[in-house]
Protein chains: 2
Amino acid sequence: MSPWLLDGDPADSVPITDRGLHYGDGLFETIAVRDGAARFLDLHLRRLEGGLKRLGIPVPARGRLEAEVRQVIADCAHGAAKIIVTRGTGQRGYRPPPAPAPRRIVGVTPTAPAPRQHYSRGIELRLCHTPVSANPVTAGMKTLNRLEQVLARAEWSDPDVAEGLMLDVRGRVVSGTMTNIFVVRHDRLHTPPVHATGIAGIMRRVVLDQAGSIDLEARETHMTAADVGAAAELFVTNSQIGIWPVRRFEATCFAPGPWTNKLMQRLAAIGVIECAP
Amino acid sequence: MSPWLLDGDPADSVPITDRGLHYGDGLFETIAVRDGAARFLDLHLRRLEGGLKRLGIPVPARGRLEAEVRQVIADCAHGAAKIIVTRGTGQRGYRPPPAPAPRRIVGVTPTAPAPRQHYSRGIELRLCHTPVSANPVTAGMKTLNRLEQVLARAEWSDPDVAEGLMLDVRGRVVSGTMTNIFVVRHDRLHTPPVHATGIAGIMRRVVLDQAGSIDLEARETHMTAADVGAAAELFVTNSQIGIWPVRRFEATCFAPGPWTNKLMQRLAAIGVIECAP
C-alpha cells in the first residue's frame, strides 16, 4: 500500500497541474514519529495553519489532517511524517484561482535513529557557499521553495559532515540546510531571527521555550560565521533530531557544553527521547 | 487525451515523491505556440540546458524534448507550451540523489491572443509590495520556486491592471511578476541585470539583441521605481506577449514611444507576430 494519502485517499501520484509542482505554491511540515506517535503534532499544525493564512490558501480542517497523519503512521514506529498542502490546480499563470481547492498530501517515511555519537560527541558542521535568500513575505514558513537548501546540501558528500551552515547574501548566519542553529556565548543562548529569512522551526521554538526553565536567557541575534566559530557552545536543531551538539565547525573544535547538555536533558524530559544521554 | 506528457507518455499525474513538488527542484520553460509552431524553441532549450547544468540535473536529449513539444502542440494553433524538468525522485531530504533520473513534463495550454489594445495603447502597471529575493546561485533561471511571483500576482484583481512591478528587498527594480521590464531614457534602452536575481527571459534576450539593429544602445542598469516613473518610454516583455508598452505606471502616464514602436516592428519582422501594428 502506498504510504501516501492525497486528500484522504491512498495515492502514489498528484495531478500534473498542481501548483505545488509548478510554482512551489504551498507549505509542508515534517513531523517526527516516535513510538508510533506524531510528536508535537499540535505545534506543527498550528504553524502550518498560520502559514497557509499568510499565503491565502484555505486551511484544511485540523481534525482531518490529524486523522490522516494518524492513518499513515499506524504501522510506523520511528519515522518522518510529512504534510504538504498546496493551492491545488488553477488556470495557467501565477495568479491564484479566486477560490482555490487546496490539496492535502500526507505520508510517512520510516527512518533509522540518528547515530548515537551525533548526540554524545556532536557533529561536524561545514560552511556552505550557497546563500539563503531573504524575503519578509515568505520568511519563517516552510514553503515548497527549497531549491537553495537542495543546492547547499549538494555541496558535500563527506559522510563525516552532518550539516552545512548557510548565510544570507549579506553574510549573516541564517540556519543549517535542514536545521536551525544556536550558539551559547557569555551564558546566553542566541539564534538568528526569522522575520526576514529562515524557517521558524518547531524544535527551535521548543528550545527557546525550554531555555527559561534552566535559567538560560535566550535571544534572537544576528551573527556572522566568525561569531559562530567564536561560540562557547554550538548546536543545531530540527524536529527529527532534537538537538545535535556541534563538535567541529570548519577548523574550530568545540567541547561538549554544559548548557547544551542541560537543554538536551530538558528536551528528553518533554518527549524528545533521542536527546536522552 | 491529456495535453501532458510525462517522460514521453500521456499522463495526467506525476509521482507523489517527485522533488519538483517537494522542493521545487527543477526548471521550466514557457514557449509561445503560434501558427502551430513553438517559437524560439532553440533559445528556450538552450536556456533550459544551461540551467540544468547549473543545478547538476542531467540534461535530457534535445531531440527528445523537441519531439515531445511537437507532439503536444500538434493540434494547437495558439497557446503556451510548457516544459518542466525535475530532479525526479530521491531518498528523503534535500540531498540530491547521487545519480538522479530527471523527469520531463511537457504540455500545452491553448490561449487566446492578448487584447489588441495591450499593444496599441499599452497596459497599466502597478507597483507590488511583495519583493523578489536575491540569490546569485539561482539568479537568471526559471526555477520551480515561484511563490514570490504568485504572492505578488495575488495583490490585485483589477482587470485593467495587466502587470505588477517587483523590487528586490533593497528597493531595486527586478521585473514584472511574469515579464521583464525595459525603460528608455535619453535614447538608451535599460533593463535590470539578472546575475543576482530575476530571470534571463528569452524575449528579454531577443529585445537586447534586436536593439542594435535599430541603433538603440542597450544596457543592463540598476534602477528604482522612481527611475521607472521618470522613463521616456516603458515596456514589458515575455515569450507569450512579445512587447507590451506601458501607458501607465501607478500615477504616471506614458505616451506611445518611438523606440518601443520600432522594437515592436523589429520583433514582428522576426516572428513575434502579435507585435505587428
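Let me start with helix 6 (residues 202-211) and helix 8 (residues 258-269) of chain B, whose axes come within 10 Å and cross at roughly 110 degrees; helices here are DSSP runs of H or I with at least four residues, strands are E runs of at least two, and both are numbered from the N terminus. The axes are lines fitted to C-alpha atoms over the stretch in contact, with angles running from 0 to 180 degrees between N-to-C directions. Since 65 to 115 degrees counts as roughly perpendicular, helix 6 and helix 8 of chain B are therefore roughly perpendicular to each other.

This is a predicted model, in which local features need pLDDT of at least 70 and side-chain atom pairs count only at pLDDT 80 or more, while totals for chains, interfaces and linings use all residues. Residues are numbered from 1 along each chain as its sequence is written, and chains are lettered from A in the order in which they are written.

Coming back to the helix pair, B:V206, B:V207, B:Q210 and B:A211 of helix 6 meet B:L263, B:R266 and B:L267 of helix 8, contact being C-beta atoms, placed from the backbone, within 7 Å.

Turning to chain A, the domain assignment, which is automatic or from a database, gives domain 1 (4-110) and domain 2 (116-275), and their C-alpha centres lie 25 Å apart. Across the boundary, 18 residues of domain 1 of chain A are in contact with 13 residues of domain 2 of chain A. On the domain 1 side, strand 4 (26-34) and helix 2 (41-55) of chain A each supply at least two residues, and the largest share, 8 residues, comes from strand 4 of chain A.

Terms used:
Contact = placed C-beta atoms within 7 Å. Parallel < 35°, antiparallel > 145°, perpendicular 65-115°, else oblique.
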